[in-house]
Structure formats: structure tokens, C-alpha cells
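Subject: Model for you to look over

Hello,

Here is the model I promised. Please open it next to these notes.

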Amino acid sequence: MKSPFLTLEKPTRLRLPGQAAAPEGPVDPFMMYVAHHMFRRDLTDFAAAVPVTPLDDTGTWRALATRWELFSDALHHHHNGEDLHLWPLLEERADESEKIVLEAMESEHDLIDPLLEESAAGFAAMVERPGGETRATLADVLSRARTVLGDHLAHEETDALAIVQRRMTPRDWEDFEAMMNKTGSIREMMKVGPLMLKGLSDQHLSAVYTRVPAALKLIVRLGGPSFRRLDGRAFYYVAH
């Protein structure tokens, strides 16, 4: 099955805010860069929202908890796909120095997972038993998550994706993306699509849209209103 994320013959490398590198090579991992941008952006937004959201605004805390679940599910799917499909494929082709990098990728994922669980518990607690101490603990966990995940994403963009360029062909990458997307329902894509593209500049959005089929753009458009309602509610005090 051909991946819905089509590549151009000679694509211009996508460089998004916060992105550490875009190694040259035959593969165009543009959706990887979009996902990384989304992870960085969301953790920044959550870290900004927690200190300023009033303790007694249960509706906003509930929206934040729901929005966190959307973010966390997307990150878990991304890392799980890498652990099950991408790193094992590369390890079969890697030299000894490259295997050290790939082992680090998996180890770094293991550091991130507990922070995601702590954050989810913190948002749930703010819905059920809001308090200043709980909020301070949640803010601290989010700060640590931003640092740990940010370091991991930079390591992946700089070193792991350089291995991708050396060891994979465009067809290999299409097969990996097809594997990543084969389990997603239309309903899930309607949630995740707008999540992925939030905050991209017109220039970057245009660069992404030239690489994806019309059907995917339609799914993103259909899911947009529902996503924006949740997102606006969750980050109301950041936006205002």
C-alpha cells in the first residue's frame, strides 16, 4: 500500500521553528519534522497555560486534560512506531557507531514516558482536586518534559535522521509511513491532522500541502472546527 504522504523528486528540506537539523539525503521525512514541531509547540503551550489558568475554572482544566490526552496519544503513537518499525530496520543496516545512536533513541523514549504519565495524572488531579501545590507540581513536570523531549528531538533530527538518509531509500520511508498510518481511522485523522498543522506559517503550510494528497487536506479541513474549539478552550488564558 502506498503511503498517503507523497514525496517530491527533489524536495526542499523543511526547516521549522525549533528544528535542530535537516540532514541531506534521498529521503524526505517532512512529516517527521511536522510532528516534532507539534510536540515542541504543545509542550510550550501546556507549560504556559498551567500557571495562568484559574484554579476554580474546572471547564478549562477539563479541556486541558482532554487536550493533553490528544497530544500524549500522538506522541506515544509516534515513538511506538519508531521503536517497533524504524529503529529495528535501521539497526539491521547500521554500523557500530550508528547502533549506539539508535540504542540511545530507545533509551530516551523510556525517559519520556514516565513524564507523560505524571503530566496526565497532574491534569486529572486538577480536574478532580484543584490546588496550588498540585498545579506547581504539574508545572514542574511539564518543564522537565520540555527539556527531556526537546533534547531527544534535537538528537533524533541531528543524528538519527542522518542514519535514515544513509541507510534508507525513499521507498523504505514510504513503507514506514504506510505502517505508521495504516491503523488510523478517519475519525482519528480528523483529530490528529489539525493538531499536526496548528501554528505553521503560511509558507510552511504550503510546503506541507504540496506533499500530501487532496484527501488528507479535506480530512484536516473537516476536523478543523472541532479541534479549534477544544484547543481554544484549553488554552483560553494563554490566548487572552
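Which residues of α8 are buried? They are Leu216, Ile219, Val220, Gly223, Gly224, Phe227, Asp231 and Ala234. Buried means under 20% relative accessible area, exposed over 50%, and partly exposed in between (1.4 Å probe, protein chains only). Helices are DSSP runs (H or I, at least four residues), numbered from the N terminus.

Before the rest, the ground rules. This is a predicted model, where local features need pLDDT of at least 70, side-chain atom pairs count only at pLDDT 80 or more, and totals for chains, interfaces and linings use all residues. Residues are numbered from 1 along each chain as its sequence is written, and side-chain values use heavy atoms, with hydrogens and water left out.

Helix α8

α8 covers residues 214–234, which is 21 residues. Its first and last C-alpha atoms are 30 Å apart, close to the 30 Å expected at 1.5 Å a residue. The expected span is 1.5 Å times one less than the number of residues. There is a kink of about 45 degrees at glycine 224, shortly before proline 225. A bend is the angle between axes fitted to the seven residues ending at a residue and the seven starting there. The cover over the buried residues of α8 includes α2 (58–93), α6 (186–197), α7 (202–209) and α9 (236–239). Contact means heavy atoms within 4.5 Å.

Axes here are lines fitted to C-alpha atoms, for helices over the stretch in contact, and angles run from 0 to 180 degrees between N-to-C directions. Angles under 35 degrees count as roughly parallel, over 145 as roughly antiparallel, 65 to 115 as roughly perpendicular and the rest as oblique. A crossing is left-handed if the near helix is turned anticlockwise from the far one by less than a right angle, and right-handed if clockwise.

- α1 (residues 30–52) and α4 (residues 132–167) pack at about 165 degrees, axes 9 Å apart. α1 is therefore roughly antiparallel to α4. Their crossing is left-handed.
- α1 and α2 pack at about 150 degrees, axes 11 Å apart. This pair is therefore roughly antiparallel. The crossing is left-handed. Contacting residues include Met32, His36 and Phe39 of α1 and Trp68, Phe71 and His78 of α2.
- α2 and α4 pack at about 30 degrees, axes 12 Å apart. They are therefore roughly parallel to each other. This crossing is left-handed too. Among the residues that meet are His78, His79 and Glu82 in α2, and His152 and Glu156 in α4.

α4 also bends, by about 40 degrees at glutamate 156. Its 36 residues should span 52 Å at 1.5 Å a residue, and its end C-alpha atoms are 50 Å apart, which agrees.

Histidine 78 sits in α2. It is buried, with a relative accessible area of 8%. Leaving aside neighbours within four places in sequence, histidine 78 touches Met32, Ala35, His36, Phe39, Glu156 and Met180.

Glutamate 106 is in α3 (residues 96–128). It is partly exposed, at 29% relative accessible area. Outside four places in sequence, glutamate 106 is in contact with Asp83, Trp87 and Glu91. Glutamate 106 and histidine 79 are 27 residues apart in sequence, yet 8.6 Å apart in space, C-alpha to C-alpha.

Best wishes

How values were computed. Helices (H or I, at least four residues) and strands (E, at least two) are DSSP runs, numbered from the N terminus.
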